[in-house]
Amino acid sequence: MTLRRISSLSPWTQFGIRVALMLALLAFIIGFHWFERDSLRDNYDGHVSFSDIIYFTMISATTTGYGDVVPVTDQARLFDALIVTPIRIFFILILAGTAYTFVIKRVWSKWLMQRIQGALKDHVVVVGYGVSGTEAVKELIARGTSPRRIVVIDCEDDALREAEELGCAVLVADATRDKTLQAVRIEQAKALIVSAGSDDTSILVTLTARHIAPTLKITVKVRNTDNELLARQAGATTVVNPVSFAGLLLAGSAEGPVVHDYIADLASMSGRVQLVERPVREGELGRPLADLKPGLGVRIVRDGKPIGFWEEGARELCPGDTIVEIVPTCFRESDKEPHVVPARSS
């Protein structure tokens with residue numbers, strides 16, 4: 001592990017320090033050669049001037065030698081071998097590091113970001129990669145979402161390493177700012193999952209996203225029940241309160257372990273069944289909800305109103321209906337064919 005803290009120096013200040021260090025080292029070499037100029041010989045005119053010293057220093061520091069000015073004493077040769085040579089290597093490292101930090105890295109990062117942005121469409125943006133965000137990303141991948149269609153935003157670089165290893169695109173930035181969400185093409189995203197850690201930050205991210213993408217599906221996690229209404233007013237499509245949900249599981253488990261296990265089974269791809277939401281298909285219009293195959297229809301949402309499988313409205317499916325059904329995990333909705341998914345006991 002490496003203990004680190006963000007530098008208080010700006011990039012231009014760091015660049016200036018490197019340049020100043022190089023100039024100081026060059027001045028040191030020039031000063032030594034000038035005071036020991038009798039140890040040098042100019043094969044061109046036999047006279048070593050100050051300009052010759054600068055010239056000899058520069059061609060020595062840059063590993064270029066023409067043989068017109070050469071050291072002729074042991075002291076000068078040892079200085080060039082033991083002092084100038086390490087400084088020459090140090091120059092190369094500074095120049096290479098500076099070129100990479102201030103030119104190559106920035107150009108490469110900008111080109112790579114533009115390439116990733118160009119491919120972002122119908123993707124899922126996850127804000128916050130804590131415990132909940134991590135589980136959300138893993139569950140999305142388990143449900144068939146390609147990691148290349150997932151973008152994770154967090155303020156901590158270390159928190160994003162695992163997401164990057166999974167194949168997701170990551171961005172170290174503040175998701176409450178417009179330019180951050182615009183950088184991940186939020187207006188072209190399929191959904192946004194917000195688990196920013198604190199309720200106020202999550203609600204602010206929701207407000208920002210709703211301002212940019214009015215029709216985007218936004219799911220927000222809040223810890224305080226009082227903030228659920230605020231999250232919906234901010235534009236959240238779905239609000240998840242893990243504390244309330246945990247209470248429901250605890251109450252259900254009081255009746256026995258079966259209810260708890262089945263609820264967990266429905267919520268995760270790791271179980272035998274999965275609770276899914278989908279639009280009604282053309283071939284299902286006019287048929288009752290009970291006739292769905294291979295799933296088990298449990299609810300219809302029609303014009304924003306929920307209809308249970310026991311109610312009269314469930315006897316005939318209509319255009320525009322949204323169906324909530326329970327399907328076997330091995331059934332893949334995209335191709336309607338059995339798809340074997342490794343499952344563990346809930």
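Q: Is Cys 168 buried or exposed, and what is its relative accessible area?
A: The model is predicted, so local features need pLDDT of at least 70 and side-chain atom pairs count only at pLDDT 80 or more, while totals for chains, interfaces and linings use all residues. Residues are numbered from 1 along each chain as its sequence is written, and side-chain values use heavy atoms, with hydrogens and water left out. Cys 168 counts as buried (under 20% relative accessible area; exposed is over 50%, partly exposed in between, with a 1.4 Å probe and protein chains only). Its relative accessible area is 6%.

Q: What is the relative accessible area of Cys 318?
A: Cys 318 is partly exposed, whereas Cys 168 is buried. For Cys 318 the relative accessible area is 24%.

Q: How many disulfides does the model have?
A: A disulfide is taken as a pair of cysteine sulfur atoms within 2.5 Å. By this rule, the number of disulfides is zero.

Q: How many of the five residues of strand S4 are buried?
A: Strand S4 covers residues 150-154 (strands are DSSP runs of E, at least two residues, and helices runs of H or I, at least four, numbered from the N terminus). Ile 150, Val 152 and Asp 154 point one way from S4, while Val 151 and Ile 153 point the other way, and all are buried.

Q: Which residue of S5 is the bridge partner of Ile 153?
A: S4 runs parallel to strand S5 (residues 169-172), and four bridges join them (two strands pair if DSSP finds at least two bridges). S4 is also joined by four bridges to strand S3 (residues 124-127), again in parallel, and there Val 125 stands opposite Val 151. In S5, the partner of Ile 153 is Leu 171.

Q: Which strands stand at the edges of the open sheet?
A: The sheet has six strands with parallel pairing, in the order S5-S4-S3-S6-S7-S8. Each edge strand has a single partner strand, so one side of each is left without a neighbour in the sheet, and these strands are S5 and S8.

Q: Which residue of S6 is the bridge partner of Val 125?
A: Strand S6 (residues 191-194) runs parallel to S3, and four bridges join the two. The partner of Val 125 in S6 is Leu 192.
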